[in-house]
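Q: I have a structure open and would like to go through it with you. Can we start with how the helices pack?

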Amino acid sequence: MINFRKFVVNTGWILLFLFTSVNFALASEKEHSEDSSNEEFDARSFILDHVKDSHEWHIATYTSHGEEKHLNVPLPVILYSNNSGLSIFMSSKLAHGHTYKGFKLEEEGEYAGKIVEITESEGEENILIPLDFSITKTVFGMFVSVIIVLWLFLSLAKSYRKSGVSEPKGLQAVLEPVVLFVRDDIAKLILGKDHYEKYLPYLLSAFFFIWINNILGLIPVFPFGANVTGNISVTLVLAVFTFIVTQISGKKQYWKHIVATPGVPFWLAPVMIPVEIISLFTKPFALMIRLFANIVAGHMSLLTFIGLIFIFKSIYVAPGSIFFVLFMYTIEILVGFLQAYIFTILSAVFIGQAIAEEH
Amino acid sequence: MDLVTPGIGLIFWQVIAFLVLLFVLKKYAWKPVLNAIKSREERIKGALASAEEAKEEMKKLKADNEVIIKEAKDERNKLLQEAREIKSQMIEDAKAQAGIESKKMIESAKLKIESEKDAAVSEIKKLVAVFSVDIAEKILKKELDDKKEQQALISSSLKDLKLN
């Protein structure tokens, strides 16, 4: 079992690495040649617009009466600025570069993609950046997945209440092995059977939040497909949660290790203490980057394969592209599970280090 | 929006959403789910243990049965042995008893014979006395008639007497 898992992990990584690098090479090459012909298909913005957050949910672009039209789902914009206080409105008010109540969605330049507030004082235009608490595409997608996770597990709990201790059926049969996997192969394995129960709710919640988001991110239909776990803010928050849990559970031994690392001469302390303190933060930082980069890379490679059709402007590329997209999809499903597993097990490892007793 | 720059709005919503998720799931999902799984596992463990116990019990019972059967067999053999002993003892006793009894009977028969004999002898004596008196009477009567004849009578009478 372990060998098999290792094998899958390794092959997954190798394939992922190979294909993303090949794709990037292809994509950048094509971009250059494209720059000369100008216009046409902009692969760079095609890919980045998909993986980045936005204030509206773009569904489709179509042409009617010779005019290009965008089918968008408007999302609420919530802004707070010192100048005008709190303002809430739908993002459709800002479409096509319109200015609403002095707010404008910048499309290029320094603040591209951000909402800015333009104020005039003494005939001069000042640009302010308000605090943006908008329900963006990512926030909306994240809410959707939170609702799905809640629905899944609340109904799971309900079915357990109903069926008692009889054998798992239906939803239970699907989710119970995964719950048991997190409990036995992550929490119990890393934290030991005396401590694992305390951290199990956090580990389970983090695992299923990440996993369900990874999976939903692969479904290209509204309201799914938002790049939630491939957003640095989301992974930052998750990593910070692990960091906080780790620090709160830190036992005497853990802090002693930081101020006086065993086996290191005392005169090295001025070097060791900063190093140890930095290492406190590099762990969650690595968690944040790992999840973000993996998911973004997956989305990017998928989009690159699709983009190839438009770059080559040939329908004959499509079968190959689709084959690779399907191939990547299966890998992404694996990676989605794997990254949830890696995030959770590393969180457990960090917590395990913090609660380790003197030995 | 930049790809690698965290945004305050998203962080804000993510913190809220994740905390809600964590607390709701912890209270209303993980607790009942994990408890149910745990109680099921314990039940299975208990069932397995009791099955094992029953097996052990069975084994013990079987062993006990064997012991009981063996004891019963021994008991039977002992009883048979005893019965045999008693039988031979009884035969022996009966034989001895019969010997004593027959001896006694012989003894008593002998005694009876003796007493019968004595009685007969005394009867004879009586008869002899009567005969003697008769003879004497006859002799006395004959003496009065003939001396010779008297003598012959006496001697013949005595001859008769001796026979008795």
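A: This is a predicted model. In it, the axes of helix 4 (residues 171-191) of chain A and helix 9 (residues 318-355) of chain A cross at roughly 25°. An angle under 35 degrees counts as roughly parallel, and helix 4 of chain A and helix 9 of chain A are therefore roughly parallel to each other.

Q: Within what distance do the axes of helix 4 and helix 9 of chain A come?
A: They come within 8 Å.

Q: Left-handed or right-handed crossing?
A: Helix 4 of chain A passes helix 9 of chain A in a right-handed crossing.

Q: Which residues make the contact?
A: From helix 4 of chain A, they are A:V182, A:I186, A:A187, A:I190 and A:L191. Helix 9 of chain A brings A:T344, A:I345, A:A348, A:V349, A:I351 and A:G352.

Q: How many of those are nonpolar, polar or charged?
A: The contact of helix 4 with helix 9 of chain A has nine nonpolar residues, two polar and no charged ones.

Q: New topic. How many residues of chain A are in contact with chain B?
A: 41 residues of chain A, in contact with 31 residues of chain B.

Q: Which helix of chain A gives the most to that side?
A: Helix 3 of chain A, with 13 residues. The side of chain A that touches chain B divides into 28 nonpolar, seven polar and six charged residues.

Q: And what is the average pLDDT of chain A?
A: Chain A averages 83, and 88% of the residues score at least 70.

Q: Where is it below 50?
A: Over residues 18-38 of chain A. Where pLDDT is low, the predicted coordinates should not be read in detail.

Key:
Residues numbered from 1 in each chain as written. Chains lettered and ligands numbered in written order. Predicted model: local features only at pLDDT ≥ 70, side-chain atom pairs only at ≥ 80, totals over all residues. Axes fitted to C-alpha atoms, helices over the stretch in contact; angles between N-to-C directions. Helix = DSSP H or I, 4+ residues; strand = E, 2+ residues; numbered from the N terminus. Parallel < 35°, antiparallel > 145°, perpendicular 65-115°, else oblique. Left-handed = near helix turned anticlockwise from the far one by under 90°. Contact = placed C-beta atoms within 7 Å. Nonpolar A, V, L, I, M, F, W, Y, C, P; charged D, E, K, R; others polar. pLDDT = per-residue confidence, 0-100.
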